[in-house]
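Good morning, and thank you for coming.

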Amino acid sequence: MDLQPLGDRLIVEVLEEEETTFSGIVLPDTAKEKPQRGRVLATGPGNRSEQTGELMPLDVAEGDEVIFSKYGGTEVKVGTDELLILRESDVLAKVVSTGAKAKGKKVLAGAKA
């Protein structure tokens with residue numbers, strides 16, 4: 001990739017959502033929601049603090065999987081890849097684990113079931 005983001009910007013590869021529902025119904029393109037999940041390909045150096053002038057590093061790093069604002073960022077095409085350039089403030093969360101989804105009630109540690 002020949003792009004280097006500046007300041008607090010990130011370059012994100014959008015991850016496509018599943019095309020079928022849990023019950024096996026295939027969703028047409030018109031019924032799909034805009035993706036909100038992606039993998040960080042590159043990060044800028046961060047922002048400079050207005051008080052001290054020190055460089056403040058970003059909270060996300062290359063390779064992190066993130067959830068971002070639905071209509072945030074700017075879409076760009078580099079070769080055959082479609083990428084998204086986001087500000088760090090458009091990132092809502094980092095995905096910590098992509099394991100199985102938990103269902104049902106959570107039981108607190110030490111609580112009797």
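With which residue does Arg-37 form a salt bridge? The partner is Glu-65, and the closest N and O atoms are 2.6 Å apart. By salt bridge I mean a side-chain nitrogen of Lys or Arg within 4 Å of a carboxyl oxygen of Asp or Glu. The pair links distant parts of the chain, with Arg-37 in strand β2 and Glu-65 in strand β5, 28 residues apart.

Before continuing, a word on the basis of these values. This is a predicted model, in which local features need pLDDT of at least 70 and side-chain atom pairs count only at pLDDT 80 or more, while totals for chains, interfaces and linings use all residues. Residues are numbered from 1 along each chain as its sequence is written, and side-chain values use heavy atoms, with hydrogens and water left out.

Let me turn to the overall layout. The protein chain has 8 strands and 0 helices, where helices (H or I, at least four residues) and strands (E, at least two) are DSSP runs numbered from the N terminus. From the N terminus on, the elements therefore read β-β-β-β-β-β-β-β. Of the 113 residues of the protein chain, 24% count as buried. Buried means under 20% relative accessible area, exposed means over 50%, and partly exposed lies in between, with a 1.4 Å probe and protein chains only.

What makes up the largest nonpolar core? It consists of 10 residues: Leu-10, Val-12, Val-40, Leu-58, Val-60, Val-66, Phe-68, Leu-84, Leu-86 and Val-91. Strands β1, β5 (65-68) and β7 (81-87) each supply at least two residues of this core. A nonpolar core here is a set of buried Ala, Val, Leu, Ile, Met, Phe, Trp, Tyr and Cys residues joined through side-chain atoms within 4.5 Å.

I return now to the salt bridges, of which a search of the whole structure finds 4. Arg-37 and Glu-65 also belong to a network of salt bridges that includes Arg-39. Within the opening pair, Glu-65 is buried, because its relative accessible area is 13%, whereas Arg-37 counts as partly exposed at 28% relative accessibility.

Another salt bridge joins the side chains of Arg-87 and Asp-8, at 3.0 Å from N to O. This pair also links distant parts of the chain: Arg-87 is in strand β7 and Asp-8 in the segment before β1, 79 residues apart. Asp-8 counts as buried at 10% relative accessibility, and Arg-87 as partly exposed at 37%.

The side chains of Asp-64 and Lys-94 meet in a further salt bridge, at 3.7 Å from N to O. Asp-64 lies in the loop between β4 (55-56) and β5, and Lys-94 in strand β8 (residues 91-94), so this pair ties together parts that are 30 residues apart in sequence. Lys-94 counts as partly exposed, because its relative accessibility is 44%.

Which residues gather in a patch of negative charge on the surface? They are Glu-13, Glu-16, Asp-81 and Glu-82. Such patches are made of residues with over 30% relative accessible area and no salt bridge, like charges being joined within 9 Å and nonpolar side chains (Val, Leu, Ile, Met, Phe, Trp, Tyr) within 5 Å.

Glu-16 is found in the loop between β1 (9-14) and β2 (37-43), and counts as exposed because its relative accessibility is 65%. Asp-81 lies in strand β7 and is partly exposed, with a relative accessible area of 45%. Asp-81 and Val-14 are 67 residues apart in sequence and 9.9 Å apart in space, C-alpha to C-alpha.

Thank you; I welcome your comments.

Methods
Areas by Shrake-Rupley, 256 points an atom, 1.4 Å probe, with all protein chains shown as cover. Lys, Arg positive; Asp, Glu negative; His and termini not counted. Charge placed at Lys NZ, Arg CZ, Asp CG, Glu CD.
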